[in-house]
Amino acid sequence: MIPADGPQDTESSAEVSVYYLLKRGLSDDFTVIHSLPWLAAAATEINGNSAPTGEIDFLVLHARLGILALEVKGGKYKVQGLKFVHTTKNFSISPISQVRKNIHGLATWLGADPSLRWKIHYGLIFPNSDFNDSLVSTALTDVTTNPPQKIFVDRQDFSELASRVNEIMEYWFGALKQKALGTNRLQKIIDAICPDFDGTPQWGSRVAYDKKMWLKLTAEQTVVVNATAKKFRSLVTGWPGTGKTIIATEVARQKLSEGKKVLFLTFNKLLSEHVQTQLGDNVNLTVLTWHSFCAKFARSNRKEGERSDDWLEAGCLRDFKEAVNQKNTPHYDIMLIDEAQTFRADWINSICQWHEGEIAVFCDATQVFSFERDRISLNDLCHELNIPQPFVLTIPLRSPKAIFDRLREVRPPNHQTYSPRELELDSLQEKLVVNMDEALMTTLSELARTGLSSSDIAVLSKFGWQTPGKQANGIFETVSRFRGLEASVVVICHAEKMDDLELFSAYSRATSVCIALYDAETLGAKAPESGFQQVILSSPRNAKDAQIAYQSAQTRGVLDTNLKPQWYPFNTIDIGWCSSWGGWLIARGKLRVLADLWMDYLLMHHPWPVFIWSEEAIREVEFYQPEDQQYLNFYNPLETLRCETCNKVTPQKRIVQRPCLCLFCSGFHVNTLMPQPDLIEKLRELDIVTSLPPNVRTAEQLKNLPLSLAAVALAKYANENSRRDGVLNSSVNFGSGVYRAAMAFVYSHIVLLSENKTIDATALAQRTYSSYTPPEGLSQKEWKILIDRALSVCYNNRKLVEKVSKGVYKPISKTQSE
């Protein structure tokens with residue numbers, strides 16, 4: 001039955017009775033559709049005055065017997081000639097003409113598709129009338145059969161309605177000698193007249209609508225264009241999506257139509273390319289980034305690859321000033337600057353002094369990143385342009401309302417603003433994901449299935465991509481390079497790595513939908529670091545999901561669950577052995593230098609590699625080999641992921657936009673020989689010695705203590721008796737393992753000594769070299785050089801000591817350090 005949950009509301013009690021009699025009486029081989037409307041102009045072929053629409057009360061379909069249309073006439077009727085007259089209300093009807101019109105209309109509608117063309121039969125039902133086996137109409141009883149066959153049902157047969165419907169369909173099937181409808185054609189007809197689909201607009205159609213509705217120049221913006229074009233100096237500001245770039249482009253187009261020479265400056269190369277595309281080629285038009293403009297007219301004519309950091313900040317201005325002095329810069333009637341908030345104050349000052357013509361500046365103070373220094377403020381722009389205040393755009397109609405609301409929540413504006421767009425909650429999707437690469441590919445695949453083209457989708461990250469630019473499934477860019485541009489769909493990859501300024505810019509690039517992918521494991525590992533993260537984790541469900549993801553992704557838990565390593569009960573280090581990887585496992589504690597020094601010892605004295613990770617690590621390990629004493633390893637950091645080739649969890653190098661590189665599949669040989677019990681016992685004894693207080697160790701124990709582990713012992717004692725906090729956790733994870741030991745000795749002395757005590761480099765080097773066991777091949781002179789270098793770092797870089805005399809230092813007092 002269609003609908004399956006009950007009859008349609010047609011205000012006919014007779015049809016309700018028919019619905020349930022057919023539902024109970026007919027087998028599942030029959031499909032019954034109640035109240036089927038149709039629209040077909042062909043209906044006028046029967047009656048020129050007839051409307052091209054109608055309704056079939058019940059349509060019964062069967063794979064063998066075909067299609068039967070049933071017209072139901074409730075109430076009590078009498079027959080007067082060719083008409084049926086209602087006995088109480090005295091109106092007449094022509095049910096035969098009505099049902100024929102209906103089946104003709106529906107048959108014609110189906111016939112538009114030749115594969116659906118089929119002859120439809122008819123029958124009538126009079127639930128409240130009893131015609132006493134009379135010959136009601138020549139069109140309703142076939143007297144040529146034996147016995148005569150009626151194709152109507154009145155009150156006396158109504159209780160047997162299902163059986164009578166089956167008889168009527170058998171009659172038509174036999175009388176017309178029609179072939180069976182067939183199950184395939186039957187289903188196709190049902191699908192055509194009772195389609196089942198989701199009418200929710202897909203992103204492809206929604207993007208097309210948004211482009212037509214919101215992304216064109218509005219009448220209000222046209223007023224701003226005309227007003228800006230008339231002013232000698234103008235400054236337009238506004239939030240993302242208020243239309244600054246489209247207004248600037250229209251001003252330029254208007255000036256070009258007047259035959260004026262136009263200079264259009266931007267900061268971002270991608271934005272300048274977009275503006276050039278919008279305006280097209282014109283001999284009077286120059287569109288450049290600020291740096292390209294400086295390089296174009298500079299005597300040095302620097303290319304992009306020759307631009308140093310110093311030149312990008314200050315050298316470009318020197319070249320510009322030189323070009324002005326040499327009169328190498330051409331004349332322009334008007335200069336437009338878009339995204340002016342990204343320009344330094346001294347750049348704008350020099351530009352305004354140089355250009356004597358019209359100037360129109362467009363800016364958005366929300367689009368400055370934390371790494372950008374000395375950028376010009378809105379007040380300074382007004383001062384340079386000699387105008388009292390900017391014109392403020394307040395309607396960000398290019399941004400979906402859900403995105404606008406999130407931006408306003410994280411960074412409330414200092415002026416009134418509102419979005420005229422209807423709130424569509426799915427236009428902002430903030431998702432916590434576990435596998436970022438998989439989530440990104442799934443997201444892009446789903447978007448592609450909604451009718452979007454790759455040019456509609458921008459995929460933004462903080463640090464960049466292995467293959468940037470337009471790809472088969474989207475435009476891959478960094479958020480800083482994409483500033484000032486827009487995309488219908490913005491997908492933010494690793495949103496948790498961006499700060500609020502970067503996320504504000506990334507969210508605001510979307511004109512239809514923004515999908516922000518946050519790594520759930522990272523969010524669960526620490527407190528929220530930004531306003532966006534606070535909003536996301538304010539949801540109890542998100543906070544719980546993040547915590548669960550983090551707990552299940554901590555490196556130690558992943559390895560214990562999947563590899564079942566053997567852990568040893570040592571005092572100074574969390575160390576184990578992993579047969580599957582053929583190496584040591586070391587989990588750093590809060591004082592990470594202890595684990596790093598143990599790693600140095602193992603790598604210098606034993607043949608197995610070390611896999612080490614920090615306390616807060618999420619699926620991440622570092623990998624070091626005995627022969628790699630400088631710790632310059634291409635692989636680090638590695639992620640613990642399942643390798644289908646190895647059929648186990650392995651350390652893998654994540655490569656952006658490419659499959660991960662498994663350490664073992666890439667050629668690393670797993671050492672199948674594992675440490676013997678006597679070696680483990682030796683390590684346990686060394687651990688006991690390093691954990692003893694200094695006054696308890698014997699001279700023999702000290703002498704047998706390797707240099708790196710002696711540094712462990714001193715660092716552990718220094719941490720427990722420190723006079724200065726934070727020093728021991730200063731970075732010592734660079735250089736060789738021996739240099740790290742030297743650094744640890746120096747740090748430990750700094751935190752243990754009182755303010756008036758000194759550190760003599762020569763004495764420290766001699767004492768430590770002679771008291772402990774140095775690595776094979778290390779001379780006392782080489783060790784002294786490493787101690788000198790460590791003290792020099794503490795003096796020049798760390799500012800932890802002050803120099804007393806050559807080779808002699810003393811710790812800086814707490815008051816000095818403060």
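## A buried arginine and its partner

Arg-483 has a relative accessibility of 2% in this predicted model, and because the cut-off for a buried residue is under 20%, Arg-483 counts as buried. Its side chain meets that of Glu-372 in a salt bridge, with 2.7 Å from N to O. The pair links distant parts of the chain, 111 residues apart: Arg-483 sits in the loop between β20 (474-478) and β21 (487-492), whereas Glu-372 sits in the loop between β15 (358-363) and α12 (378-385). Glu-372 is also buried, with a relative accessible area of 10%.

The side chains of Arg-406 and Glu-409 form a salt bridge at 2.7 Å, N to O. Both residues belong to helix α13 (residues 401-410), where they are three residues apart, or about one turn of the helix. Arg-406 is buried, its relative accessible area being 17%, while Glu-409, at 47%, is partly exposed.

## A bridge between helices, and its network

Asp-600 and Arg-740 meet through their side chains in a salt bridge of 2.8 Å, N to O. Because Asp-600 lies in helix α20 (residues 592-605) and Arg-740 in helix α24 (residues 737-752), the pair ties together parts that are 140 residues apart in sequence. Both Asp-600 and Arg-740 are buried.

This contact belongs to one network, in which salt bridges that share partners join Arg-588, Arg-592, Asp-596, Asp-600, Glu-622 and Arg-740. Across the whole structure, a search finds 40 salt bridges.

## The second largest pocket

The second largest pocket has a volume of about 950 Å³ and is lined by 38 residues, of which His-274, Arg-398, Leu-485, Glu-486 and Ala-487 lie nearest its centre. By residue class, the lining of this pocket divides into ten nonpolar, 15 polar and 13 charged residues.

Several helices and strands contribute to the lining of the second largest pocket, with at least two residues supplied by each of α7 (244-257), α8 (269-279), β18 (457-461), β19 (469-471), β20 and β21. Of these contributions, that of α7 is the most, at six residues. In terms of domains, the lining draws at least three residues from domain 2 (219-393) and at least three from domain 3 (425-552).

Terms used. Residues are numbered from 1 along each chain as its sequence is written. This is a predicted model: local features need pLDDT of at least 70, side-chain atom pairs count only at pLDDT 80 or more; totals for chains, interfaces and linings use all residues. Side-chain values use heavy atoms; hydrogens and water are left out. A salt bridge is a side-chain nitrogen of Lys or Arg within 4 Å of a carboxyl oxygen of Asp or Glu. Helices (H or I, at least four residues) and strands (E, at least two) are DSSP runs, numbered from the N terminus. Buried means under 20% relative accessible area, exposed over 50%, partly exposed in between (1.4 Å probe, protein chains only). On a 1 Å grid over the protein atoms alone, a cavity is a set of points where a 1.4 Å probe fits but cannot get out, and a pocket is an open set with protein on both sides within 12 Å along at least five of seven lines; lining residues have an atom within 4 Å of a point. Grid points are joined across faces, edges and corners, and a volume is the space filled by probe spheres set on the points. Ala, Val, Leu, Ile, Met, Phe, Trp, Tyr, Cys and Pro count as nonpolar, Asp, Glu, Lys and Arg as charged, and the others, Gly among them, as polar. Domain bounds come from an automatic or database domain assignment.
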